[in-house]
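Please open the model in your viewer and keep the sequence panel beside it.

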Amino acid sequence: MTKDSYKYLYKIDSPVDLKAIPRNELTNVCSELRQFIIDEVSKNPGHLGANLGTVEITVALHYVFNTPYDRIVWDVGHQAYGHKILTGRRDKFHTNRQLNGLCGFPTPKESEYDAFGVGHSSTSISAALGMSVASLLKDDCDRQVVAVIGDGAMTGGLAFEGLNNTSMDKNNLLIILNDNQMAIDPIKGGFSQYLIDITTSRAYNKLRYRAYKVLKNMGVINEKKKNRIIGFNNTVKAALTKQHNIFEGLNIRYFGPVDGHDVDGLVRILSDIKNFKGPKVLHCITQKGKGYEPAEKSATEWHAPGKFNVATGERKTSKVTVPTPRLFQDVFGETLLELAKENDKIVAITPAMPSGCCMNIMQREYPNRVFDVGIAEGHAVTFSAGLAKEGMIPFCNIYSSFMQRAYDNIIHDVALQQLNVIMCLDRAGIVGSDGATHHGMFDLAYMRCIPHLTISAPRNEPELRNLMYTAQQKNMGPFVIRYPRGMGFTIDWKTPMKIQEIGKGECIKNGKDIAILTIGTIANPAVTAIADIENKYEISVAHYDMRFLKPLDEEMLHEVGKNFNQIITVEDGVIQGGFGSAVLEFLADNNYKTNVKRLGISDNFVEHGTPEELYALLGLDTRGISKSIEEVIEKSFSLKKRKLENTNKIS
Ligand SMILES: Cc1ncc(C[n+]2csc(CCOP(=O)(O)OP(=O)(O)O)c2C)c(N)n1
């Protein structure tokens with residue numbers, strides 16, 4: 001669609017402009033917003049399905065509420081494109097998720113309309129509750145605070161902690177429950193079944209809402225009597241449907257379920273309920289991918305589809321003619337299945353990412369041995385601990401940045417009890433366009449200080465396989481394997497698996513002047529950087545792939561400490577407390593007077609961009625690593641060491 005064919009969208013530079021549009025035209029605004037999102041995401045990839053599903057909710061919220069004074073807190077924030085477009089960011093939207101462009105998630109750094117920074121799931125109720133309570137404490141009683149949370153995000157424990165607190169403290173929080181029966185994959189579990197059950201008792205809910213309005217208008221219901229009425233409602237409903245309403249049981253007023261794609265209906269009910277004092281939930285039924293047929297039909301694939309042809313629905317994958325390595329995720333999934341076939345104690349656990357981490361490969365063959373536990377990382381780890389305690393061998397796969405949620409579960413439930421839980425950290429290192437909330441850059445540092453853990457990082461796919469094979473051997477204890485998103489390095493990845501000696505690194509290349517120590521896949525750009533340097537200088541560089549952060553290969557480190565004055569460590573994680581720090585501590589503790597330069601991510605968050613751009617900015621691509629080696633050479637070696645390139649050229 002061209003700019004001229006939009007009647008409304010290009011006239012909306014803020015919610016004030018939206019409010020000026022007659023209410024009976026909002027359906028057209030929604031169609032335009034939906035079309036704009038489809039067109040933009042087809043050219044510049046991002047989240048699609050969730051954003052199409054929230055178009056009407058977004059328009060209705062900005063129509064009814066007075067943002068940014070009123071606060072909208074989006075959960076996860078992957079569904080907030082409409083919100084960004086209506087709040088002054090339409091013309092920049094083509095930069096979404098790109099380096100220096102808009103962030104793919106709400107962030108207060110970007111706009112005052114982004115009430116709270118998000119990216120990880122299940123935070124909205126807690127954060128919005130804090131804001132609502134703060135407003136009341138400040139006597140700012142007119143401010144409305146709205147949390148918009150999906151049924152997927154509701155499966156996270158934090159959301160329930162928020163609900164529990166919501167019912168206890170004085171607040172006027174409104175929770176919009178965006179129920180599409182999907183997370184990235186279809187949702188399983190008790191809560192989603194519960195939502196289906198209350199949805200099917202729709203007639204009762206409608207009747208009750210009407211009765212509530214009539215009684216309120218007659219002055220029969222007031223705030224004081226409200227709780228008693230809620231109690232009465234619950235009793236009637238329980239009698240009628242043999243079921244209690246969880247929210248009302250918690251003293252949170254429940255409205256709905258309503259059609260989340262009926263913008264007019266949403267405006268009406270939001271206007272009605274916005275001034276009701278006390279916490280309330282509006283349950284909206286939506287469809288993920290709404291309004292774009294391919295995305296409606298296949299919601300998991302269209303969660304974040306990459307580029308696509310809008311007319312045909314064809315997704316544009318790069319046409320590859322030569323054999324390429326598989327993704328690390330595929331190798332994990334295939335290897336897990338291979339191991340599970342051999343060992344029936346193996347079970348697999350994922351917090352809502354079965355397709356993302358490729359656990360669905362095993363799920364197809366052994367559905368009873370794969371557990372998608374919802375967006376519940378802490379629970380996933382402790383549940384795995386329970387399985388391990390009873391002799392099962394759980395492979396618990398969690399994205400590195402999401403594992404941050406499960407820190408105490410790792411310490412208290414796994415490490416302290418030395419249970420054989422295999423924790424596979426997918427998406428380690430820089431992940432790219434998802435940005436600051438999603439980079440897996442803290443794991444080495446946050447895991448290293450935990451006793452009893454074995455922490456490993458394969459540099460390629462055969463090593464990933466060997467480590468997975470090793471981790472499921474008897475009495476291995478807690479075992480961490482971290483690997484990045486995306487393409488591997490080896491075409492013939494399906495190598496026979498062998499046991500990897502724990503705490504044993506590998507000297508990839510001998511040398512005598514400088515030692516480069518790497519961990520994980522960052523070894524690969526380092527290999528090229530070393531070759532570049534040796535072409536340019538009369539310097540020979542040794543390369544050690546440590547493979548294990550814990551236990552460290554002490555024999556290898558003694559060798560390095562004795563033989564080198566210049567050491568460079570390279571890691572795709574934070575410098576402070578990470579791999580380089582471990583090496584530095586070892587050398588200091590053993591009185592080696594070696595110079596150590598640590599390459600990694602300095603003390604800052606990393607924004608969004610392609611992994612290539614970000615690694616280049618961080619000085620962790622081949623060029624950056626070469627440059628750092630060069631700096632060490634310039635500083636520490638006589639210039640005679642330099643290859644006489646110019647002389648050679650003249651002769
Ligand atoms: C802590 C955490 N774990 C996992 C994810 C990955 N993730 C992003 S969106 C999503 C599904 C969210 O489902 P829901 O809230 O129902 O929203 P929908 O996409 O269905 O609109 C998941 C699992 C995340 N962002 N944060």
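**A strand and its neighbours**

Select β9 together with strand β11 (residues 479-484): the two run parallel and are joined by five bridges, where strands (DSSP runs of E, at least two residues, numbered from the N terminus) pair if DSSP finds at least two bridges between them. This is a predicted model, in which local features need pLDDT of at least 70, side-chain atom pairs count only at pLDDT 80 or more, and totals for chains, interfaces and linings use all residues. Residues are numbered from 1 along each chain as its sequence is written, and side-chain values use heavy atoms, with hydrogens and water left out.

Within this pairing, pick Ala428, which stands opposite Pro484 in β11.

Now colour β9 (residues 422-428) by accessibility: seven of its seven residues are buried, meaning under 20% relative accessible area with a 1.4 Å probe and protein chains only.

**Zooming out**

Show the whole protein, of whose 651 residues 58% count as buried. Its secondary structure comes to 26 helices and 17 strands, helices being DSSP runs of H or I with at least four residues. Among contacts (heavy atoms within 4.5 Å) between residues at least 6 apart in sequence, 78% join residues at least 24 apart.

Definitions and conventions:
Buried < 20%, exposed > 50% of the residue type's maximum accessible area, 1.4 Å probe, protein only.
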